[in-house]
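Here is a friendly briefing to read alongside the structure. Take a moment to look at the picture, then follow the topics below.

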Number of protein chains: 2
Amino acid sequence: MDNQAIVELIQNEDYFLITSHVDPDGDNIASQLGLLSIFKELGKHAVIVDQDATPVAYQFLLNDDVIYHQLPPDTRYDYSFVLDAANLDRVGDSVVALIQQGNGVINIDHHTSNTRFGTYNWVEPEACATAIVVYKLAKALGVTLTPEMATRLYAGIITDTGRFRYTNTTLETFEVSADLVRHGANPSYVATQIYDQEPISKLRLLVKVLSSLQSAADGKIHWLQITKSCYDETGSNVYESENMINYATSIKGTKLAILFREMENSDRIRVSFRSKGFVNVDKLAQCFGGGGHAAAAGARIPGTLAEVQQKVLTEACKWV
Amino acid sequence: MDNQAIVELIQNEDYFLITSHVDPDGDNIASQLGLLSIFKELGKHAVIVDQDATPVAYQFLLNDDVIYHQLPPDTRYDYSFVLDAANLDRVGDSVVALIQQGNGVINIDHHTSNTRFGTYNWVEPEACATAIVVYKLAKALGVTLTPEMATRLYAGIITDTGRFRYTNTTLETFEVSADLVRHGANPSYVATQIYDQEPISKLRLLVKVLSSLQSAADGKIHWLQITKSCYDETGSNVYESENMINYATSIKGTKLAILFREMENSDRIRVSFRSKGFVNVDKLAQCFGGGGHAAAAGARIPGTLAEVQQKVLTEACKWV
C-alpha cells in the first residue's frame with residue numbers, strides 16, 4: 001500500500017514542498033495548510049508554493065504561515081506533496097518545474113479522474129474533500145489534531161461539499177467533521193470567515209449575473225454569464241463569481257447548470273458545469289478538454305462568448 | 001425531571017395532537033413530522049394541526065402524512081405537543097383553542113426565551129434545533145430511527161443552523177447529524193429538496209431585494225426591503241423571501257442585518273434581524289414586541305415601511 005509508504009516517508013524525511021492546483025478553491029488551500037500544520041507538529045521543514053494567488057476568503061486560514069508563489073531562496077525540499085490535483089498539469093508550469101527537481105512526488109487527492117501521477121499515491125475518490133485524506137494521513141501518522149489543523153481541514157470539507165449540500169456528503173463527512181469540531185474547529189467562525197466577509201461589489205455582481213439567467217432544453221438547462229465588463233461595472237473580480245453557478249443549479253427542474261465567464265488576458269471562456277445527479281459533468285467537460293467531478297466540473301474553451309455558448313449548449317442539450 | 005414524565009406520558013397515552021408556531025420554518029415542520037414518525041413507530045394515534053400553510057420547500061417531508069389546518073372531525077386527542085414555540089401565543093389563536101380542550105400541554109423547544117408554558121416542558125436552549133430535542137426524545141423512548149424519521153429530523157437541523165453556519169452549530173449538531181445519516185438521512189437529497197427546487201420567480205425577487213441594499217452606522221448595519229409590489233412584479237410570494245436577509249449578513253463589516261417586509265392584509269411591517277455575534281437580536285427584537293434567538297430574531301411592527309424603518313434603524317444604531 002502506498003499509504004503506509006507515505007507515512008514512512010514522512011517519518012524518515014525532513015524537507016518537503018507542498019503544492020496544489022491553479023485557480024485555488026477552499027479545499028486546495030485548506031488541505032495544503034492542514035498538511036503544513038501536520039508537518040509543523042512533527043518538527044519537519046515544509047514550504048507551500050502555489051502558482052496562483054490565495055483567494056481573500058481563505059486567507060484567514062494562514063495564521064502565521066505563508067503560501068509562497070515562487071520558491072524562497074535556499075529552500076531545501078526532497079519530496080513534493082501535490083494535493084487536490086487530478087493530474088500534474090493542474091499545478092501549473094512554474095510549480096511543475098520545482099517538483100521535477102525533487103526526489104519524488106506524493107499525490108494526495110480525491111478526484112475520480114486522478115491519473116496516479118505520483119511516486120506514491122493516496123487517492124480516495126469516495127472522500128468528499130482532499131482535506132478528508134489529509135485527516136486520515138494525520139491519523140495514520142499518530143498526530144494529535146490541533147485546533148489550527150482541525151480548523152483548516154474543516155474549511156476544506158465545507159467548501160468542497162458546498163456546506164454539506166453536494167452528493168459527495170456522506171456519513172464519513174459528518175464523522176470527520178464531528179471529530180474536527182471536537183478538536184477545536186469552530187463551525188460558525190469558519191463559515192463566517194468564508195461566507196460572511198463578502199465585499200458589496202460581489203452583491204452588485206450577483207445582481208448582474210442573476211439578470212443574465214437563461215434556459216435551454218425546456219428548462220432542464222439553466223445558464224448564466226459574466227462578461228469582462230461586469231467586473232469593471234461592479235468593482236468586482238473573478239474570484240467573487242466562484243460559486244454563482246449555484247443559483248442556476250438551485251432552480252426547480254434544472255438538471256444541468258452552466259456558467260460562462262470571459263477571462264482577463266485570455267482568448268478562452270471559462271465554463272463551469274454543475275449537475276443535480278442526472279448528468280456526469282466530468283465526462284461532459286472532458287468533451288471540451290476539461291474535467292472535475294461527476295457533479296461539478298469545468299473547462300476553458302477557446303472562442304468568443306457567443307461561439308463558446310453555442311458550442312457548449314448544442315452539446316449539453318444532448319446530455320439532459 | 002419533566003423529560004422522564006414526558007417519556008412515560010407517551011408510553012401510557014395513545015391520542016396526541018402535534019402543533020408548532022405560525023409562519024412555519026424548516027425546523028417547525030421537520031420536528032412535527034419527526035415526532036409524528038415516532039408516534040407511528042410506537043403505534044400511537046397522532047394528528048398535526050398548524051394554523052398556517054406548510055411552505056412548499058418542506059412538503060417533500062410529508063410522504064404519506066398530512067399536516068391539517070383545522071382539526072379533522074371526530075379526532076380524539078388527550079395531550080397536545082407544542083414544538084419549537086417560545087410561548088403559546090406563537091401557535092396562533094385557532095390552535096390555542098384546540099390545545100385548551102386537551103388534558104395537558106407538552107412543550108418541546110430550544111428557544112432561550114421559552115416561557116415553560118407546558119404542563120411538562122423539555123426545553124434545551126443549547127440545542128441547535130427543536131429536531132435535536134425530538135431526536136433525544138426518540139432515544140429516551142428507545143425508538144429505533146427509521147429513514148423517514150432521520151430524514152425529517154436532519155431537515156430540521158440544516159434549516160435551523162443555516163446548513164451548519166450559525167453560532168448554534170456545535171459538536172452535538174454534527175454527532176446527531178452523523179447518527180441521522182447513519183440511519184438513512186441522505187444529506188444531498190434533503191439539501192436538494194429544500195434549496196434546489198426554487199421557482200425562477202425567487203431569483204427575480206432576489207434581484208429586486210439585492211438592489212434595495214442600504215447601509216447605516218458606517219456599514220455596521222446593512223438592510224434590505226421588500227415592498228408588496230416586489231411580489232407582484234416578480235410573480236413571487238413572501239415564503240420565497242425567507243432567507244434573503246442572509247445577503248445583508250454576508251457583507252464584510254456587518255454586525256447587524258435587517259430585512260423589512262411589507263405584509264399582505266396587514267398594517268404591520270415584518271422585520272427580521274440577524275447578528276454576527278456582537279448584537280443580541282433577541283433583545284433588540286423585544287424592544288418592538290418580537291423575539292427569537294441571540295443571532296436571529298424578528299418582530300411585526302405597526303406603521304408604514306418608512307415609519308418602521310426610521311424607528312428600527314434609530315434604535316438599531318444604538319446597538320452596534
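Which residues in α4(B) meet which residues in α5(B)? B:Thr130, B:Ala131, B:Ile132, B:Val134, B:Tyr135 and B:Ala138 of α4(B) are in contact with B:Met149, B:Leu153, B:Gly156 and B:Ile157 of α5(B), where contact means that the C-beta atoms of two residues, placed from the backbone, lie within 7 Å.

The model is predicted, so local features need pLDDT of at least 70 and side-chain atom pairs count only at pLDDT 80 or more, while totals for chains, interfaces and linings use all residues. Residues are numbered from 1 along each chain as its sequence is written, and chains are lettered from A and ligands numbered from 1 in the order in which they are written.

**Two helices of chain B**

- Helix α4 (residues 130-141) and helix α5 (residues 147-160) of chain B pack at an angle of about 150°, and their axes are 7 Å apart.
- Axes are lines fitted to C-alpha atoms, for helices over the stretch in contact, and angles run from 0 to 180 degrees between N-to-C directions.
- Helices (H or I, at least four residues) and strands (E, at least two) are DSSP runs, numbered from the N terminus.
- The contact of α4(B) with α5(B) has eight nonpolar, two polar and no charged residues.
- In these classes, Ala, Val, Leu, Ile, Met, Phe, Trp, Tyr, Cys and Pro count as nonpolar, Asp, Glu, Lys and Arg as charged, and the others, Gly among them, as polar.

**How the two chains meet**

- Chain A is superposed on chain B by a rotation of 180° with 0.0 Å of shift along its axis (RMSD 0.0 Å).
- The two copies are thus related as by a two-fold rotation axis.
- The superposition is by least squares on the C-alpha atoms of residues with pLDDT of at least 70 in both copies.
- Within chain A, A:Val207 comes closest to the rotation axis, with its C-alpha at 2.7 Å.
- In the interface, 35 residues of chain A are in contact with 35 residues of chain B.
- On the side of chain A that touches chain B, α6(A) gives the most, with seven residues.
- By class, that side has 18 nonpolar, nine polar and eight charged residues.

**Domains of chain A**

- Domain 1 (2-195) and domain 2 (201-317) make up the domain assignment of chain A, with bounds from an automatic or database assignment.
- Their centres, taken over C-alpha atoms, are separated by 27 Å.
- Seven residues of domain 1 of chain A are in contact with six residues of domain 2 of chain A.

**Sheets and strands**

- In chain A, an open sheet of six strands runs in the order β7-β8-β9-β10-β12-β11, with mixed pairing; two strands pair if DSSP finds at least two bridges between them.
- The edge strands are β7 (214-216) and β11 (291-292) of chain A, and each pairs on one side only.
- Strands β10 (residues 268-275) and β12 (residues 296-302) of chain A pair in the antiparallel sense over seven bridges, and A:Arg268 stands opposite A:Pro302 in β12(A).
- In chain B, strand β1 (residues 15-20) pairs with β2(B) in the parallel sense over four bridges.

**A closer look at one residue**

- A:Ser20 lies in strand β1 (residues 15-20) of chain A.
- A:Ser20 counts as buried because it has 31 C-beta neighbours inside 10 Å.
- A residue is buried if 20 or more other C-beta atoms, placed from the backbone, lie within 10 Å of its own, exposed if 12 or fewer, and partly exposed in between.
- A:Ser20 and A:Val91 are 71 residues apart along the chain, and their C-alpha atoms are separated by 5.6 Å.
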